[in-house]
Amino acid sequence: MMTSVNRRDFMKAAGTAGAGLVLSFYLPSDSKLFGEPEAESFAPNVWLSIDPKGTVTITSAKTEMGQGARTYFPIMVAEELEADWKSIKVIQADADPTKYGSQATGGSTGVRTSWDKLRKAGATGREMLISAAASKWNVDRSTCYAEKSTVIHRPTKRSLTYGELADNAAKQPVPENPPLKDPKDFKIVGTWVPQVLTADRSTGKAMFGIDIKIPGMLYASLARCPVFGGNVASLDATKAKAVPGVRQVVQIDNGVAVLATSTWAAMQGREVLDIRWNNGSDAALSSEKIRLMFEEYSKKEGAEGEKMGDIATAFSGAAKTVEAVYELPYVSHSPMEPMNCLADVKSGSCEIWVPSQNPQSAQSLASKITGLPIEKVTVHVTLLGGGFGRRLDNDYVEEAVKISKAAAVPVQLLWTREDDMTHDLYRPASRHVISGALDGNGNLTGWNYKMIGPSIGGQRSPERYKDGLDRSALSAAIGMPYAIPNLLVSYVMANTAVPIGAWRSVYASQNVFAIESFIDELAYAAKRDPLEFRLQMLNKSPRLKNVVETVAEKAGWNNPLPRGIGRGIACASCFGSHVAEVAEVSVEKDKINVRRMVVAVDCGIAVAPNTLEAQIEGAVVLALTAALKGEITIKDGRTQQSNFDAYPIMTIGEMPKVEVHIVNSYEPLGGIGEPAVPSAAPAVCNAVFALTGKRVRSLPVTKLG
Amino acid sequence: MASISLTINGTKQTVNVQPDMPLLWVLRDTLGLTGTKYGCGIGACGSCTVHIDGEPTRSCATPILSCEGKSILTIEGLEQNGHLHPVQEAWIEEDVPQCGYCQSGMIMSVVGLLKQKRNPTDADIDDALSANLCRCGTYNRVRKAIHTAARKGGAS
């Protein structure tokens, strides 16, 4: 059913005899982040249904990558529905822009953009079930209430289960504005709910993209030019075709795919392909050249992102000025499940199984490649073996669709780890030049911040950034929480051929590292305590100030530390949430050992504290791997690291103790997947300074100089 | 092609595959046992860990030819008579997994560790799992679950 409507809210009940209650609800497009047009027409999608056995089925439109989408979606519905948590079943939505609004799972949007809608869906169901019971008993509905998938008549204690009521509930009028619960009455929200997939993930039953098999499919391995932007000059596939198990060799625009009856045979065939590459124009690119380019570009006047007051006067009248330069390398996503996609292109249809954070973009890409209308392209979203932003892009989907189309068979394309690491869309390298002016009282009166680095949007669509300003590259640098009377925040776009993309917390991770390190430098220059220095500038940011105070108290900021341990603090407001972190470190033989991370977070309400805590631990491990170990370097136009031997990942023995303190402010909801990433690295590096007097201005800190 | 006889999760099997094919791909592609994961192909990440004659081993770097006559245990074979292994039960109790991709290998390494040391110290854990990588941040819960499993006699 397609209906053209302008209303942003739309709820509809449907019920055929014996089918129970089915509630459809339109979740409007929640994100312009990815530049997708908002759908104007839609077919209402089934958000929740209750069958006569009482099973409540809830659809999750967002991708599950370990962050708990399939747990927090049902939590929000079940809370208002007053459903028994044990009766909940979750199903994963296929891609469908006409039904779900944006399904892109990124920007830490999952909970905060669904909260009102899913609660309303649950409340609507609850009110209709209560109406159904009241009409059956012929009593006033105000004398009935719902609890644990049952409606109870208060005076007589009679009860009917949701399963018994489901058919009748479908015939009740749909309430326009069902009452939502007061947060103090929440029974599921805010409690420790185990992730719904834990058993499957502990038994090998969880199905990731790599695990999907369909009849007749072949396994594919794709050789790409090691140099960014290169392509095939000539190919001799004779030897590859002779490898046992190899069935086809197919050339597509960016490489050569070997198709075989096993993954191993496909990889073996690929190894013996004779390909001469056309390296293109970037074969001389190197990290050193990029660094020098950034240095040169530092002299340029940046595009203005934010300006307040008069920095010239602030600096000329300063009692003290401080300047520093911070440099960050490219880093990889390297989720444990390498990129993969199963595509089955037929003459009139295309079916795809993919672990993607952005299934609707996968669908439209496949539609363009195959020439099929969008509704003929089905995209099933599998579980993801990690995302971290890498799977917002669907380059591997494009490849699989092209290969399946050319070979006329279903194809499961699997990237090797080497493919994954050498053809990642990296977190951009960057250079940050900052100067600060302190007055005679040690107050920060002037701030001049210039960020130099590639633009994710600008490298893909330069025409969109004619003025050189990509505001997202200045995220967390524009609108800083600190009250600084005179400031200038600017950006110099420095694009290169190295592919880049969104990496958990995107540009906030680089900017906050530079900002929070420099704030620390200024505090020391002003001979003030780094905590007190921050707090004094946070009066216009009460939520952040509160978490900074909380983390300081929980970490025992003013308590003396044992010899050999240093303590540092950093904080950030991003993705709608407010986070402060205190790190405790020791240093042995130039190796930084992070012993303890104390994290305080205000994301409004902690809908699912269990997954929230896990997300904070995840943010810490990803951020610290990048800060202490991770570096992708470029030489001869290609990535030098290709596997975990050259690109080490933090291990269990290196993982700090993480203490999470949730501040429920009941203010508007923020995200949770990303906000704890940016302040982790500066907290650690500030602790290193407190301990050693050595200021870290370049990452990763593989050794203390 | 080679004909290789081996025991997988208690069942004798013969597979006809290329002799240099790693055990990982025989399990996943030939036998459909997809619980064992590919992560790096060089034995560096631990996602592919299975037991060969009781020893935790990286299946991605183990040619099938070397498995002739051996007994293989994968994540699918941990469950006995409808009961999860105590390590799996501890995993569920502590709600360990995030994305879950590395967890099969992690669990197989832990089952091996608890066979060697019924009550491992934190240092034992760091050592035994030093090449089981997780990008999501489950390490602290992994550690907690190992202690839980040990307390409940997880070596069984």
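## Overall architecture of chain A

The model is a predicted one, in which local features need pLDDT of at least 70, side-chain atom pairs count only at pLDDT 80 or more, and totals for chains, interfaces and linings use all residues. Residues are numbered from 1 along each chain as its sequence is written, while chains are lettered from A and ligands numbered from 1 in the order in which they are written.

Chain A contains 18 helices and 30 strands (DSSP runs numbered from the N terminus, helices being H or I of at least four residues and strands E of at least two). Its radius of gyration is 27 Å, which agrees with the value near 27 Å for a compact globule of 705 residues (taken over C-alpha atoms, the globule rule being 2.2 Å times the number of residues to the power 0.38). Along the principal axes, the C-alpha atoms of chain A fill a box of roughly 80 × 70 × 45 Å. Among contacts between residues at least 6 apart in sequence, 78% join residues at least 24 apart (a contact requires C-beta atoms, placed from the backbone, within 7 Å).

## Domains

Chain A is divided into domain 1 (3–200), domain 2 (209–280 + 339–414) and domain 3 (287–330 + 426–692), with bounds from an automatic or database domain assignment. The contact between domain 2 and domain 3 of chain A, whose centres over C-alpha atoms are separated by 37 Å, takes 10 residues from domain 2 and 11 residues from domain 3. The domain 2 side of this contact divides into 5 nonpolar, 3 polar and 2 charged residues (Ala, Val, Leu, Ile, Met, Phe, Trp, Tyr, Cys and Pro count as nonpolar, Asp, Glu, Lys and Arg as charged, and the others, Gly among them, as polar).

## Nonpolar core

The largest nonpolar core has 267 residues, and the members touching the most others are A:Ala220, A:Ile352, A:Val599, A:Val601, A:Leu624, A:Ala680 and A:Val684 (a core is a set of buried Ala, Val, Leu, Ile, Met, Phe, Trp, Tyr and Cys residues joined through C-beta atoms within 7 Å). Helix 17 of chain A supplies the largest share of this core, 11 residues. Setting aside residues up to four places away in sequence, A:Val599 touches A:Val551, A:Val579, A:Ile616, A:Val658 and A:Ala676, among others.

Helix 10 (residues 359–370) of chain A has 12 residues and reaches 16 Å from its first C-alpha to its last, close to the 16 Å expected (1.5 Å times one less than the number of residues). Its buried residues include A:Pro359, A:Ala362, A:Ala366 and A:Ile369. Among the elements covering the buried residues of helix 10 are strand 18 (340–345), strand 19 (350–354) and helix 11 (395–407) of chain A. A:Gly371, with a positive phi near 75°, follows helix 10.

Helix 11 of chain A has 13 residues and reaches 18 Å, close to its expected 18 Å; its buried residues include A:Val397, A:Val401 and A:Ile403. Just after helix 11, A:Ala408 takes a positive phi of about 60°. A:Gln412 is found in strand 21 (residues 411–414) of chain A and counts as buried because it has 27 C-beta neighbours inside 10 Å. A:Gln412 touches A:Met217, A:Tyr219, A:Ala220, A:Asn340 and A:Leu342, not counting residues up to four places away in sequence.

## Interface between chains A and B

In chain A, 46 residues are in contact with 46 residues of chain B. Elements giving two or more residues to the chain A side are helix 5 (198–203), helix 7 (263–271) and helix 17 (609–628) of chain A. Helix 17 provides the largest share of that side, 7 residues. The residues of the chain A side divide into 23 nonpolar, 17 polar and 6 charged.

## Backbone features

A cis peptide bond, with omega about -5°, joins A:Leu699 and A:Pro700. A:Asp590, a residue other than glycine with a positive phi near 70°, lies in the loop between strand 26 (577–588) and strand 27 (591–602) of chain A. A:Asp590 counts as exposed because it has 12 C-beta neighbours inside 10 Å. B:Asp95 also has a positive phi, near 50°, but counts as buried, with 23 C-beta neighbours inside 10 Å.

Note on methods
Two residues are in contact if their C-beta atoms, placed from the backbone, lie within 7 Å. A residue is buried if 20 or more other C-beta atoms lie within 10 Å of its own, exposed if 12 or fewer, and partly exposed in between; C-beta atoms are placed from the backbone.
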